[in-house]
Amino acid sequence: MSSRRMLSIAVFAAVAVAVPVAAAAPSTAAPAPAHSVSGYVGSPQEAANNKAFYDAVMKSAQAKRAKLGNKTAAVTVVYSTSRAPSFRTQIARSAQIWNNATNNVTLAEGSNYDFYYREGNDSRGSFASTDGHGSGYIFLDYRQNQQYNSTRVTAHETGHVLGLPDHYSGPCSELMSGGGPGTSCTNPYPNSTEASRVDQLWVNGLN
C-alpha cells in the first residue's frame, strides 16, 4: 500500500491506500509473488489522490441522480464486483457495514456502476485509482488480504470512495487507520466520527 509508485499520470492517478488487516484472503485467491508491504505513512500526494477518487465517484453518482430528476434524495453509489470475484463476500460485507453506519449515501451492486473492484497481485498492496472523470476502481491485493483482515481492507478502501482520508496514526477503532495498528487489528467498522463525516460529505449529494 505505501511506497506506491504512481501509475502514469496520463492514464490514472493512483490512490495509494494502505489498508492491510488480519484475516486470510479468499481461499480462491492466487498466491502472490514475494513482496513486502512497507510501513504505513501518508503523504500529501496520497491524500490528493484519495480526494480525486471521491470527487470522481461523487460526480458520476450525481450525474445519474440528476437524470432521475431528484436532486435531494440520498445518493446511491453503484459498484461492480465482476473483476474481483474472489472478494465478493468481503465487498458485500463492507458495503453493508457502510450502509448501516450512514444515512446520506447508499452503496449498491449493479451494472451501471460508478466504480468497480479488481483483484490481483501488486507490490503496492490494495489501493484506489481514478482517471478523474468519473471512472475508478479499488484494487484488492491477494498478499495483503492474506496478511490482514480482508473485510477491514475492503471497508477501508471503500471509505476512500466515500471521501475519507487515511489516518494511519489512529487506533484500531478507526477504520481509516488502515494498517497502522498492525495485523492484529481486525476491526472493519468506521467509528461514529468517521460515519458522521461521510454523512456530512454526502448530505443531499453535496460535499
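1. Basis of the note. The model is a predicted one, in which local features need pLDDT of at least 70 and side-chain atom pairs count only at pLDDT 80 or more, while totals for chains, interfaces and linings use all residues. Residues are numbered from 1 along each chain as its sequence is written, and side-chain values use heavy atoms, with hydrogens and water left out.

2. Strand β6. Helices (H or I, at least four residues) and strands (E, at least two) are DSSP runs, numbered from the N terminus. Six of the six residues of β6 are buried, so this strand is largely enclosed by the rest of the structure; buried here means under 20% relative accessible area, exposed over 50%, and partly exposed in between, with a 1.4 Å probe and protein chains only. Gly-136, Ile-138 and Leu-140 point one way from β6, whereas Tyr-137, Phe-139 and Asp-141 point the other way. In a regular strand, side chains alternate between the two faces of the sheet.

3. Partners of β6. Two strands pair if DSSP finds at least two bridges between them. β4 pairs with β6 in the parallel sense over five bridges, and Arg-118 stands opposite Phe-139 of β6. Strand β5 (residues 127-130) runs antiparallel to β6 and is joined to it by four bridges, with Ser-129 having Tyr-137 as its bridge partner.

4. The nonpolar core. A nonpolar core is a set of buried Ala, Val, Leu, Ile, Met, Phe, Trp, Tyr and Cys residues joined through side-chain atoms within 4.5 Å. The largest one has 28 residues, and those with the most contacts inside it are Val-77, Trp-98, Leu-107, Phe-115, Tyr-117 and Trp-202. Among the elements that give two or more residues to this core are α2 (88-101), β4 (115-120), β6 (136-141) and α5.

5. Asp-199. This residue lies in helix α5 (residues 192-202). Asp-199 is buried yet has no salt bridge, and the nearest side chain of opposite charge, Arg-197, is 11 Å away. A salt bridge is a side-chain nitrogen of Lys or Arg within 4 Å of a carboxyl oxygen of Asp or Glu. Leaving aside neighbours within four places in sequence, Asp-199 is in contact (heavy atoms within 4.5 Å) with Ala-101, Thr-102, Asn-103 and Asn-104.

6. Asn-191. In the loop between α4 and α5 sits Asn-191, which counts as partly exposed because its relative accessibility is 23%. The C-alpha atoms of Asn-191 and Glu-174 are separated by 5.8 Å, although the two are 17 residues apart along the chain.

How values were computed
Lys and Arg count as positive and Asp and Glu as negative; His and the chain ends are not counted.
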